[in-house]
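Trainee: I'm new to this structure. Could you walk me through how to read a few of its features?

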Amino acid sequence: MIFDTHAHYDDEAFEEDREEILGKLPEVGVKAVVNAGASLASTKAAIRLAETHDFLYAMAGVHPSETGELNEENFGRLRTALAHPKVVAMGEVGLDYHWPEPDREIQKKWFVRQIALAKEADMPLAVHSRDAAFDTLDIIRAEAAGRPGIIHCFSYGAEMAREYLNLGYYIGIGGVLTFKNAKKLKEVAAYAPLSRIVLETDCPYLAPEPHRGRRNSSLYLPCVVKELARIKQVTEEEVERVTFANAVEVYRLGGVYG
């Protein structure tokens, strides 16, 4: 069984064939998917989608690139969303310095506020960090050490992976692992214990080889399983079994998949 811990099926890229794709997932062994919130609107859409499929779950959160939309008046919507029975995490939240906007201080403010909300609701975190390695780590250390969570779409080296593993976080690995030039992530995959790795797609983005450049979906996760099994020198069945159990643990779904 495969657990896709981070997807975006509410994205407009799936408008024409969303239900067709979701219907095919059992054919490749995908038994559970968590759809991430990236804005207030997408959080609402993720919850609506999760309500219509037993195997779909949702996160509530605002991506760092969308934090400009947050204010004291609308922040309460996230608190309400976290109370929904199909919401299993606060995410995706974090820092993204790849683009100049929103301002870094705005991103930091709402990252800290969303961490506080996750604590209040006793929810795990799904953390986005792009070109912001040390600021993300500093905030996690100060505000969320020991809180269950995943460093989504991990993009740093083994030394940074060690820091997050020591803080109790899981490493989210997806299609990039299959890229020929993904030396750093392959090193992280070799370094991190399988018991601390979860699988993800971040679809519609980051499709694995041999589908690179196309729209991604959970249908392609067996490609990631195969590469991770090669790196860890275990069977694909072992990768599926352990990473599925890891996802169930972090999202507290033992009552469903125990």
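Trainee: Which helix does Arg-18 lie in?

Mentor: Helices here are DSSP runs of H or I with at least four residues, strands are runs of E with at least two, and both are numbered from the N terminus. Arg-18 belongs to helix α1, residues 18-24. Keep in mind that this is a predicted model, where local features need pLDDT of at least 70, side-chain atom pairs count only at pLDDT 80 or more, and totals for chains, interfaces and linings use all residues. Residues are numbered from 1 along each chain as its sequence is written, and side-chain values use heavy atoms, with hydrogens and water left out.

Trainee: Is Arg-18 buried or exposed?

Mentor: Buried means under 20% relative accessible area, exposed over 50%, and partly exposed in between, using a 1.4 Å probe and protein chains only. Arg-18 has 14%, so it counts as buried.

Trainee: What does Arg-18 touch, leaving out residues up to four places away in sequence?

Mentor: A contact means heavy atoms within 4.5 Å. On that basis Arg-18 touches Tyr-9, Asp-10, Asp-11 and Leu-49.

Trainee: Now the strands. Which ones pair with β3?

Mentor: Two strands pair if DSSP finds at least two bridges between them. Strand β2 (residues 30-35) runs parallel to β3, with three bridges, and Val-34 has Tyr-57 as its bridge partner in β3. Three bridges also link β3 to the parallel strand β4, residues 87-96; there, Met-59 is partnered with Ala-89.

Trainee: How many residues of β3 are buried?

Mentor: Five of the five, in residues 56-60. Leu-56, Ala-58 and Ala-60 point one way, Tyr-57 and Met-59 the other, and all are buried.
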